Amino acid sequence: MKKHNFSAGPCILPQEVLKKASEAVLNFNNLDLSLIEISHRSADFVDVMETARSLVLELLDLKDKGYSALFLQGGASLEFLMAPYNLLPEDGKAAYIDTGTWSAKSIKEAKLLGEVDVIASSKESNYNYIPKNIEIPGDATYVHCTSNNTIFGTQFKTFPKTDKLLVCDMSSDIFSRELDFSQFDLIYAGAQKNMGPAGTTLVVVKNDILGKTGRKIPSMLDYQVHISKDSMFNTPAVFPVYVSMLTLQWLKDLGGIKGIEKINEEKAALLYGEIDSNPLFQGVANKEDRSMMNVTFTLTDESKKEAFDKKWKAAGISGINGHRSVGGYRASIYNAMPLESVQALVDVMKSL
Ligand SMILES: *Cc1c(COP(=O)(O)O)cnc(C)c1O
């Protein structure tokens, strides 16, 4: 039987997507060729790329609103650099909100390109909350935030209201909840948390914010170059893009983000409900900032650790050890995680 996979990333994908993807590796579109051995310029693959890009904008409700969707490489980690490269003028200033390890890494890269103002941080309490009422400096070009903090299990519920550009790393919660995505000027996300396999990064960018920095940008780092080539400037990660397309189709068939959000809320309510009512467990994140995707918790009685670990492993549960910087446990309950798997974990917690 398939394990209950709570891995933080790479992570669970819908079973039917994995099945279709494996079929395409052997014989894609009845071409008697594998998806991964045909030209990325072939009509069959161009159709995959265009379908995936179009589904992204459709699901985010950004169609015909001046945005482009790109499937790039280098992970969200390269976007830490590409975002300032494309948006920050040499004498400009960027404002960053530091809500975890990934935010801190994005700050480090931005500092290579200009002045960075860290306008709020929850570092002093090991990132267990989201800073509120953040003041945005008038001379900043953009504000950068991390919508969901994969490691610490916190999530922005609302975003700063600003007349500056708003940039967001949505690697671990994109397509998981309804938001007004048009409040963002640039969104990026590594595929491997909620969309597909590792190897491609989704970038959604508002076209008219680009080309304004006065910088010379290397081609591979230039969003305008990728847009002008329809996300095919160089060979794209054909397999990850294909599997992302399948996942986006799966999501659309479920009723899109609206449909999945309901299920995600149910899963999170079930698990947090157990954490709050079972005296053997406690949550790590500040309640009002809790993530719907990564649920972090600890045992209140460490002497139960061995028994708990034995039980969840015996129940076919995988991937709930916490990140080393937080300790305890982290159950990642991304879009593809079924409610039954969350119930299996809750049953083990109840039985401890
Ligand atoms: C995983 C993760 C990253 C890093 O993604 P890579 O694709 O490995 O570079 C960045 N930000 C967030 C929020 C993440 O969860």
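Let's start at the ligand: 13 residues surround it, and the closest are Ser77, Thr150, Asp169, Gln192 and Lys193. A residue counts as near a molecule or strand if one of its heavy atoms lies within 4 Å of it. Keep in mind that this is a predicted model, in which local features need pLDDT of at least 70, side-chain atom pairs count only at pLDDT 80 or more, and totals for chains, interfaces and linings use all residues. Residues are numbered from 1 along each chain as its sequence is written, and side-chain values use heavy atoms, with hydrogens and water left out.

| Residue | Atom on the protein side | Distance to a ligand oxygen atom |
|---|---|---|
| Ala76 | backbone N or O | 3.1 Å |
| Gln192 | polar side-chain atom | 2.9 Å |
| Lys193 | polar side-chain atom | 2.7 Å |

Now to the domains. The protein chain is assigned domain 1 (15-253) and domain 2 (256-351), with bounds that come from an automatic or database domain assignment. Their C-alpha centres lie 27 Å apart. Where the domains meet, 28 residues of domain 1 are in contact with 25 residues of domain 2, contact meaning heavy atoms within 4.5 Å. About 2,200 Å² is buried between domain 1 and domain 2, and carbon and sulfur atoms give 52% of that area. Buried area here is the accessible area (1.4 Å probe) that two parts lose on being put together, summed over both.

Two salt bridges are counted between domain 1 and domain 2, a salt bridge being a side-chain nitrogen of Lys or Arg within 4 Å of a carboxyl oxygen of Asp or Glu. Lys132 and Glu288 meet through their side chains in a salt bridge (3.5 Å, N to O). The interface of domain 1 and domain 2 also has 19 residue pairs in polar contact, both residues at pLDDT 80 or more. On the side of domain 1 that touches domain 2, β7 (154-155) and α6 (238-253) each supply at least two residues. Helices (H or I, at least four residues) and strands (E, at least two) are DSSP runs, numbered from the N terminus. The most comes from α6, with three residues.

Elsewhere, the structure holds 15 salt bridges.

Two backbone details are worth a look. The peptide bond from Gly9 to Pro10 is cis, with omega near -10 degrees, and Pro10 lies in the loop between β1 (4-5) and α1. Asn126, a residue other than glycine, has a positive phi near 45 degrees; Asn126 is placed in the loop between β4 (115-121) and β5 (140-146).

Technical notes:
Polar contact = N/O pair within 3.5 Å; in protein donor to acceptor, adjacent residues only side chain to side chain.
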